[in-house]
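Here are my notes on the model you sent over.

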Amino acid sequence: MFSLLKGMWTLLKHTLRKRVTVQYPEEKPYVPPRWRGRIILARDPDGEERCVACYLCAAACPVDCISLQATQDETGRRYPEFFRINFSRCILCGFCEEACPTYAIQLTPDYEMCEYDRRNLVYEKEDLLISGPGKYPGYNFYRVAGVTVGGKDKGESENEEPPTDVRDLMP
Amino acid sequence: MIVATIHIDNKPYEVQEGDNLLSACLSLGFDIPYFCWHPALHSVGSCRLCAVKNFRNEEDTRGHIVMSCMTAVCDGMRISVKDPEVLEFRASVIEWLMLHHPHDCPVCDEGGECHLQDMTVMTGHNYRRTRMRKRTFRNQELGPFIYHEMNRCIQCYRCVRFYRKYAGGRDLDVSGIHNHLYYGRFEDGTLESEFSGNLVEICPTGVFTDKTLRKHFTRKWDLQTAPSVCVHCGAGCNTIPGERYGKLRRILNRYNHEVNGYFLCDRGRFGYEFVNSDRRIRRAHLRPGTSDRSAELEPSSKEAVVASLEGILANGKRPIGIGSPRASLEANFALRSLVGPDRFYTGMPESESALVSLVLETLTCGPAVSVSLREVELCDAVLVLGEDVPNTSPRLALSLRQSVRRRSLKIADKHCIPLWNDRAVRKVSQEAKSPLFLATVAATRLDDISAATFNGTPDEIARLGYAVAHELDPAAPPVEGSTSEEHVLAACIAGALKAAERPLVVSGTGCGSEAVIIAAAQVAAALHRVGKTAGLSLCVPECNTLGVGLIGGGHLEAAFKEVTSGAADTVVILENDLFRRADAKLVAEFFKAATHVIAIDHLFNQTASHADLLLPAATFAEADGTFINAEGRAQRSYRVFPATDEIRESWRWLYELMQAAGKTDLPLWTTPDDVCRSIAESIDALKPLGQVAPPADFRVAGLKIPRQPHRYSGRTAMTAQVSVHEPAPARDADSALAFSMEGFHGHPPNALLDRYWAPGWNSVQALNKFQSEVGGPLRGGDPGIRVLEPAPDREATYPESVPEAFSPRAGERLIVPLYHVFGSEELSAVSPGIAERSPGPYLGLSPDDAESIGVDEGRNVRLTVADVVLVLPVRLIPSLPQGVTGLSVGLGDLPYVQVPAWGVVTRAKAGD
Ligand code: SF4
Ligand code: SF4
Ligand code: SF4
Ligand code: SF4
Ligand code: FES
């Protein structure tokens with residue numbers, strides 16, 4: 001008897017409390033920018049693909065759901081020929097983002113990824129590539145690296161001397 | 001070996017006295033970082049990374065830092081490899097080396113297998129403190145094989161030491177001073193050496209990387225690999241091919257102490273791309289209405305083809321089988337079992353068959369013993385008879401280059417200089433060379449290190465061999481009518497061979513002359529008579545020439561006759577383009593006479609286009625197989641990835657044909673082991689075949705050996721675009737290897753060792769961890785077994801006749817074969833990189849001969865041999881003897897011409 005009354009009292013108390021249930025999807029909860037949701041491939045500040053197809057994200061992925069193939073354009077700039085993430089396997093752990101040396105692969109606060117058909121969870125590069133730099137605005141890997149790419153010759157990277165004249169004998 | 005006890009961090013260890021400290025410590029399993037030292041190039045002490053601390057005695061607590069690679073081990077030595085001062089020293093060396101290092105790892109093809117990365121992690125350097133600007137260099141265009149990115153260099157000198165000193169290349173060097181050292185060519189251009197590919201593995205950084213890999217770049221951890229054997233010549237080098245997404249991506253060296261050691265030639269390393277070629281036969285093909293062959297071959301289902309074969313094989317008159325020296329023992333034997341031993345033909349033309357039988361006879365009858373490539377390096381006097389080694393058996397040429405260093409090493413030894421002290425050895429010996437005598441048709445790329453060269457016709461070369469044998473042992477038949485120069489040369493060669501501790505005779509099928517091989521055997525026999533144990537190394541053209549020779553069978557012309565005479569009407573051709581081995585007219589007649597032609601091969605070629613039934617055969621990358629190299633070593637090669645489409649192993653096709661033909665009492669063949677067992681049962685010489693590699697049911701602790709590294713990526717995404725359900729991994733019931741990343745990741749038996757990796761060692765240098773001592777045999781013994789051993793104590797016998805001296809014929813010239821490392825071999829020539837390096841077909845003439853014909857370099861001439869007429873551009877070859885003309889065999893679409901032969905060379909007429 002006593003326990004019954006105690007239960008009813010608790011119930012009545014709760015009817016007066018502030019509601020915590022959110023009317024999703026009409027009402028969206030706040031997710032912080034560093035939330036680990038749907039993965040995107042960002043572009044560098046010049047609007048080029050940031051991914052240099054180094055395969056590190058694929059190696060870091062504990063469920064092996066990233067697969068890509070490297071290739072390079074006529075100027076020697078390396079980029080992925082294809083880049084595929086199988087989100088039906090992805091556990092959104094963020095290891096790929098952690099491993100990425102170019103800030104290309106980023107997890108976003110978008111978590112709405114339900115599909116009726118698993119096949120729709122296989123994202124190709126076209127589906128992953130966004131038009132901006134994502135969370136990390138300034139960085140451009142090819143401006144730091146020593147390799148030449150279109151529009152950047154040897155010695156034109158950050159902190160580089162002009163190419164050495166190897167026939168120079170001056171001390 | 002004298003054992004010395006040294007104390008490393010106060011613990012005693014037994015090592016070899018006099019060895020260098022670095023190699024001793026690495027052999028003991030200590031991780032000491034290093035760059036410039038290499039087990040094959042030894043020590044120069046230029047990078048300063050391998051520092052350790054040396055203490056005078058037990059009381060000495062301060063000690064002093066020494067470079068371990070430059071310090072000899074002596075008994076009672078006390079060192080520390082982890083003294084704090086030493087660790088700091090190494091970290092600062094790396095920091096200096098990294099001052100100018102570009103921020104390249106993500107786009108560097110070395111990344112993930114970079115010795116510099118490994119060493120940087122090992123020493124703990126992880127932050128660039130300097131704000132100095134980085135020095136940069138421009139790269140060079142180095143041809144189709146090597147990609148250059150000079151910014152990444154750490155100035156260890158390994159590349160030039162290998163390229164120039166070890167491989168004898170001349171067009172790569174270091175230029176500049178202080179921190180402007182530049183490793184490259186004088187100007188942009190293709191690297192000339194046929195060993196340039198080794199730079200990829202020798203360079204500890206990403207300066208020199210594999211350009212063919214770059215076109216379809218994949219990291220080491222993503223490559224599916226298997227132990228394999230090179231199929232591009234008779235040397236039988238061990239390789240590690242790597243595959244990703246169903247395409248072969250690259251070849252790395254697989255260490256075999258007895259065979260190729262650390263190095264491959266570029267044909268073997270870059271010839272793999274034929275596997276990915278558009279010319280691959282991927283489906284079974286059938287010619288509708290087989291009687292007149294006017295219809296085109298059409299892709300058909302496997303079942304339909306096998307069904308139609310059933311009819312052909314059951315009703316056809318005596319089918320014959322044509323095997324191939326480039327197909328595995330298993331495939332050849334399966335064909336032999338299908339058609340019966342008396343109807344099996346080796347697929348070699350009569351002339352080559354005779355040469356191969358002679359080679360086999362020489363190697364099994366003794367007294368000379370065939371030597372491995374490593375033993376070649378230990379020989380201190382060499383006579384090459386007739387073989388253009390750099391072009392026919394490139395890796396052997398690299399071993400010969402090391403053999404001439406024996407004298408240098410002896411001199412250094414006399415001065416008590418340890419042999420690993422490379423710079424000192426070279427200085428004190430002034431690079432003195434042991435004698436290498438080259439008797440060849442024309443100049444070779446070994447001429448620069450030879451004591452004397454002789455260019456002549458094959459018969460003249462044979463006569464020189466006989467003369468040497470006579471000089472060594474007067475019981476050998478004398479050579480009549482030789483010039484005094486020849487006499488002096490023969491005496492000089494005989495003297496050098498006699499004075500040597502380990503003389504070696506090299507010859508082979510290259511110049512197409514039996515007399516030359518007999519002469520080589522004579523020299524070896526004569527050496528034996530005078531109490532020397534002579535080594536013999538006989539080059540053969542293809543990866544399984546000796547294998548198919550041991551299986552035995554008739555030659556190609558006999559097979560043709562069998563069909564044209566009507567005794568047989570059905571032929572099964574195994575991995576063999578007959579147009580490369582016999583006169584086109586003969587082959588055409590043969591095809592016309594045959595009612596049913598069944599071909600099994602990798603690539604669409606002329607023979608395939610004549611077949612009524614075409615079956616797609618797996619290449620070395622998709623099939624297990626056993627091959628016998630020129631030394632007589634049987635080696636197992638494993639498939640790297642499962643075959644796609646309808647491609648299958650040739651022996652499996654042939655087994656299916658046996659079943660289709662309704663053969664009774666078939667042995668049960670489910671794995672290559674079963675085929676090998678049948679081979680061992682029916683061919684005496686191949687009895688030991690069962691021991692070549694562990695059986696298919698071999699397991700380590702119940703586990704298979706994985707072909708994929710433990711960090712193989714993309715398993716759940718690589719086929720997701722096709723089906724989101726991952727397929728089950730392909731099963732491999734044929735071997736102890738698995739198409740998987742699961743299994744035993746330790747050190748398996750060496751025949752199954754498919755990659756080198758150890759914790760902290762991601763680069764090829766991880767190999768250290770698999771050797772019994774660094775630079776020595778693999779722990780547990782090197783793979784492969786020798787099947788050709790001569791009977792002990794065979795007495796040398798001499799033949800009676802000596803070939804006649806060369807007498808030019810009026811109006812005719814002797815046409816001899818000339819080979820090219822890039823282009824002369826059928827399969828590698830299909831690979832784009834090799835094709836780019838291959839010259840077009842040409843006719844080689846000495847300048848005098850060219851003048852007498854009235855032609856110049858590049859002008860066309862008309863060559864008539866037997867009834868073949870060819871129009872070819874002239875190449876002037878000053879070393880060719882007068883009256884002798886060289887034909888570039890195997891190049892491009894040049895039809896088969898049997899050489900050596902007499903032919904007529906005239907100026908090409910207009911319209912030719
Ligand atoms: S880690 Fe970054 S740069 Fe490398 S492949 Fe992945 S997304 Fe591209
Ligand atoms: S050489 Fe090694 S350390 Fe240097 S960029 Fe390449 S992978 Fe990185
Ligand atoms: S190019 Fe490579 S091998 Fe040559 S010195 Fe530089 S780092 Fe060493
Ligand atoms: S020498 Fe012959 S077997 Fe060795 S890698 Fe070169 S082609 Fe292959
Ligand atoms: S390895 Fe000893 S100094 Fe370079």
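1. Helix H4 of chain B (residues 158–166) has 7 of its 9 residues buried, so the rest of the structure largely encloses it. "Buried" here is under 20% relative accessible area, "exposed" is over 50%, and "partly exposed" is in between, with a 1.4 Å probe and protein chains only. The buried set is Arg158(B), Cys159(B), Val160(B), Arg161(B), Phe162(B), Tyr163(B) and Tyr166(B). Just past H4(B), Gly168(B) has a positive phi of about 75°. Helices (H or I, at least four residues) and strands (E, at least two) are DSSP runs, numbered from the N terminus.

2. Some housekeeping before going on. This is a predicted model, where local features need pLDDT of at least 70 and side-chain atom pairs count only at pLDDT 80 or more, while totals for chains, interfaces and linings use all residues. Residues are numbered from 1 along each chain as its sequence is written, chains are lettered from A and ligands numbered from 1 in the order in which they are written, and side-chain values use heavy atoms, leaving out hydrogens and water.

3. Helix H9 of chain B (residues 329–339) is another mostly covered one, with 10 of its 11 residues buried. Among them are Glu330(B), Asn332(B) and Arg336(B), along with Leu329(B), Phe333(B) and Val339(B).

4. Now chain B as a whole. It has 26 helices and 38 strands. Its radius of gyration is 28 Å, close to the 29 Å that the globule rule gives for 912 residues, so chain B is as compact as a globular protein of that length. (The radius is taken over C-alpha atoms, and the rule is 2.2 Å times the number of residues to the power 0.38.) Along the principal axes, the C-alpha trace of chain B spans about 90 × 80 × 60 Å.

5. Of the 912 residues in chain B, 63% are buried. Taking contacts (heavy atoms within 4.5 Å) between residues of chain B at least 6 apart in sequence, 74% join residues at least 24 apart.

6. Which order do the strands of the 7-strand open sheet in chain B take? It goes E16-E15-E27-E26-E25-E17-E18, with mixed pairing. Two strands count as paired if DSSP finds at least two bridges between them. At the edges stand E16 (298–299) and E18 (344–345) of chain B, each with a single partner strand, so one side of each has no neighbour in the sheet. Inside this order, E25 (residues 570–574) and E26 (residues 596–601) of chain B run parallel and are joined by 5 bridges. Val571(B) sits opposite Val597(B) in E26(B).

7. There's also an open sheet of 3 strands in chain B, ordered E28-E29-E32 and antiparallel. E28 (625–628) and E32 (785–786) of chain B are the edge strands, each pairing on one side only. E29 (residues 633–637) of chain B meets E32(B) in the antiparallel sense over 2 bridges; in E32(B), Ile785(B) is the bridge partner of Ala634(B).

8. Please look at the two cis peptide bonds described here. One joins Tyr24(A) and Pro25(A), with omega about 5°; Pro25(A) is in the loop between helix H1 (2–15) and strand E1 (39–41) of chain A. The other runs from Val899(B) to Pro900(B), with omega near 0°, and Pro900(B) is in the loop between strands E37 (884–888) and E38 (901–907) of chain B.

9. Arg48(B) has phi near 65°, in the loop between helix H1 (21–27) and strand E3 (51–55) of chain B, and is partly exposed at 38% relative accessible area. Gln430(B) has a positive phi of about 50°; this residue lies in the loop between helix H15 (422–429) and strand E21 (436–440) of chain B and is exposed at 62%.

10. Last, Thr75(A), in the loop between strands E2 (66–72) and E3 (78–86) of chain A. Thr75(A) is partly exposed, at 34% relative accessibility. Leaving aside residues up to four places away in sequence, Thr75(A) touches Thr148(A), Val149(A) and Gly150(A).
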